[in-house]
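Hi,

Here is the structure I promised to pass on. Have a look at it first, and then read on for what turned up.

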Amino acid sequence: MKFISTSRRLAAGALGLAALLGVTAFQPLAPPAEPCKPAMIVAAALPQLHVSHRTFDARVATNALALFLNALDFDHTYFLASDIAEFQQQGSQLADQLRAGDVRFAFDVFNRLQLRVTNRVAGVARLLERGFDLNTRDTYHWKRKEAPWPADEKAWDELWRKKIQNDYLARIATLKLAEEQKARQPRPGLFRWGRPKDQKPEADEDAADPKLTPREFILKRYRQFQTVLQDSDAEWLLQRYLVSFTMAYDPHSEYFSPSTEEDFDINMRLSLVGIGAVLTPDDGAVKVERLMPGGPAERDGRLKPGDRIIAVAQGTNAPVDVLHWPLSKTVRLIRGQKNTTVMLTVIPAADLSQTKTRKIGLRREEIKLEEQRAKSEVRAVSVGPGVTRQLGIVTVPEFYADLKGQQQGQRDATSVARDIRKILGELNRSRVEGVVLDLRNNGGGSLEEAVTMTGEFIGSGPVVQVRQRDEVQILADTDPDIDYGGPLVLLVNRLSASASEILAAALQDYGRVIVVGDTKTHGKGTVQSLLPLGKPEDKLGALKVTTASFYRIAGGSTQLKGVTPDIVVPTTLDSMEIGEEYLPHALPWSVVDAAGFARQAALAPLIPELRRRSEARMAKDPQFDVHRQVLRRVADRLADQEISLNLKLRLAMAKADQELEKLQQQDEGVSGSPDQGKDPGKANGPDKKKNDPVLAETLRILSDLINLSATPQIARTAA
């Protein structure tokens, strides 16, 4: 059957098919009546601007279709094989359609997805009502990314029987373990450590909420997914469709809808104008997840976590009903100009009947997103009986910068390099003997900030080479001063990417640092430019497109290969399919001539001994014995793509995982960590670093480096 796209026929067909299948009808999402300008611009711009200059043709469109379908149905459980075959008939025509601004195909596919989801959610209720054979020998193939879509409805129903039974067993296991854990806890009043009234429960306590039966819990989850899908708007869908075309060129080229462009700008400058609340979708409304410390909402005191926002007004204007709006659209109403008032209509979390509403007026202010700002701490590390060494830890979550503020010449514009310079000055004044620079999970950011920050650890010289078309440009640090010249260890993992890899590669090439972490970093060796698709008032969004590749000063690219640490201290990420090599349509590795630079020779001879000491230490450390067990368990689980649907086997598996998790959560103080003898609750500073064996070993490596190295510390004097 030829796939014909008209919104009227689509609506009638979808509603009619829903009735035939015996499922609740949904409201199809209608395509725009006029040609889509962002689609036309993206189709014209990609072959001109992308570093590959690949023609925008049927091959690109076919790849884009596969990406789009996988984005909508990532584990191949909602669509049928017949749906996919029908969509693929249109694949070769999509490039021409996009050039003409015709995006109706995306809406056809999305509405088919809504139809299938509606059918499956109704089926989930029937499956849960009927129950399952919990003594079966069946297994569920959980890793379905490469699995074929179900061939027919019989195969579809069998797949979902196993899928929901898997969910059901997981829920039973969670409740069972929580029940056993609660039974082992002392009764109130008997040597019980209390929890402050204002402290949130742990995540596993929330997950094991006994108020919901397994049936209620699973059904609520699938119905929430259905609600979120039905509340999606044309902007949401258009972004996902156009991103499929940009990612057919490479994984890091993207189309930003107007709201996504705004969020990107906020994340880069670490500030927004709003009320200081983190919001999440909840059954068609917007729920307050938490309040930002010091923000307008927290200081006002009336808005509480758990409150549900159902309407938003600007000052004294009439409120706008936001029920069943996409979260991004509601958030844009709540944000606004500084010192203006937004009036929220909320259902208080304390109202169990969910029938009362309350109006709360809040004045918008600039909110600083401090959680993503670079931070530091000084750690006292034991190096012998009664002897400690003061070491600095600098954590850089991302390479942020207020790009617009910098372009406008604002001297106080947000800059990670400026923050790091200040932090290094404080550490110098604290007379730390060495520094760990933690770039784990840092996916990158501003290329310019990475170059400037690299210069804070070296004298002047080249930092990275950038190739655009056939021209290679060297980006260099021109400041001969050094902000920190002492012993330095850089900690990375497979989520350290882009700007993180630029800094790590440059410092490694200079022989300035010991790199520690997973077997490699992510492997993103490309540069993206953000290009608005029109004037701000046009609200067309922006195109983030790969326009260049970057290379180490030694000549090789970090593309695919990443940065290889000098000393490997692996994490569970090393067992997962994480890295550029696992992304579809990744660009190939390449090489250019090396830049002229002077490599320091002092560190290279020390690396074999540092590696030997680290490996010997980890081999006999009980904490790392647990760490290795976790790595093996994760690797085994990922390798085994089948999971048992037998209750007895699943409970045994869950208990084994729980015991291993308990071992993993033991304080480092009991296993000879650098903080041995300290209060275990405070040994490692922030909670997220409290049980961090990789960081603990990295600090030991830094201590070894200090012992072995004769490098004098060079501190920069602030003017």
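Glu-609 comes out as partly exposed, because its relative accessibility is 26%. Arg-613 has a relative accessibility of 26% as well, so it also falls in the partly exposed class. Their side chains meet in a salt bridge, with 2.9 Å from N to O. Both residues sit in helix α18, four residues apart, which is about one turn of the helix. Before you go further, keep in mind that this is a predicted model.

That pair is part of something wider. Glu-609 and Arg-613 belong to a network of salt bridges that also links Arg-612, Arg-617, Asp-621, Glu-697, Arg-700 and Asp-704.

Now for the helix itself.

Which residues of α18 are buried? They are Ile-607, Leu-610, Ser-614, Arg-617 and Met-618. These residues cover an arc of only 100 degrees around the axis, so they end up on the same side of α18. Ala-619 and Lys-620, on the other side of α18, are exposed. As for what the buried residues pack against, you will find two strands, β17 (514-517) and β20 (567-568), and two helices, α19 (622-639) and α22 (693-708). Arg-617 is worth a click while you are there: it is on the list of buried residues of α18, and it is also a member of the salt-bridge network.

On to the charged pairs elsewhere. A search of the whole structure gives 43 salt bridges. Here are two more of them.

One joins Arg-215 and Glu-129, at 3.1 Å from N to O. Arg-215 is partly exposed, with a relative accessible area of 30%, whereas Glu-129 is exposed at 58%.

The other is between Glu-433 and Arg-389, whose closest N and O atoms are 3.1 Å apart. Glu-433 is in the loop between α15 (416-429) and β13 (434-438), while Arg-389 belongs to strand β12 (residues 387-395), so the pair connects parts 44 residues apart in sequence. Is Arg-389 buried or exposed? Its relative accessibility is 10%, so Arg-389 counts as buried. Glu-433 is partly exposed, with a relative accessible area of 31%.

Most residues other than glycine have a negative phi. Arg-469, however, has a positive phi, near 55 degrees. You will find Arg-469 in the loop between β14 (461-468) and β15 (471-477), and it is exposed, with a relative accessible area of 58%. Lys-539 also has a positive phi near 55 degrees. Its place is the loop between β18 (526-532) and β19 (542-551). Lys-539 is exposed too, with a relative accessible area of 60%.

Happy to talk it through whenever you like.

Cheers

Notes: Residues are numbered from 1 along each chain as its sequence is written. This is a predicted model: local features need pLDDT of at least 70, side-chain atom pairs count only at pLDDT 80 or more; totals for chains, interfaces and linings use all residues. Side-chain values use heavy atoms; hydrogens and water are left out. Buried means under 20% relative accessible area, exposed over 50%, partly exposed in between (1.4 Å probe, protein chains only). The arc is that of the directions from the helix axis to the C-beta atoms. Contact means heavy atoms within 4.5 Å. A salt bridge is a side-chain nitrogen of Lys or Arg within 4 Å of a carboxyl oxygen of Asp or Glu.
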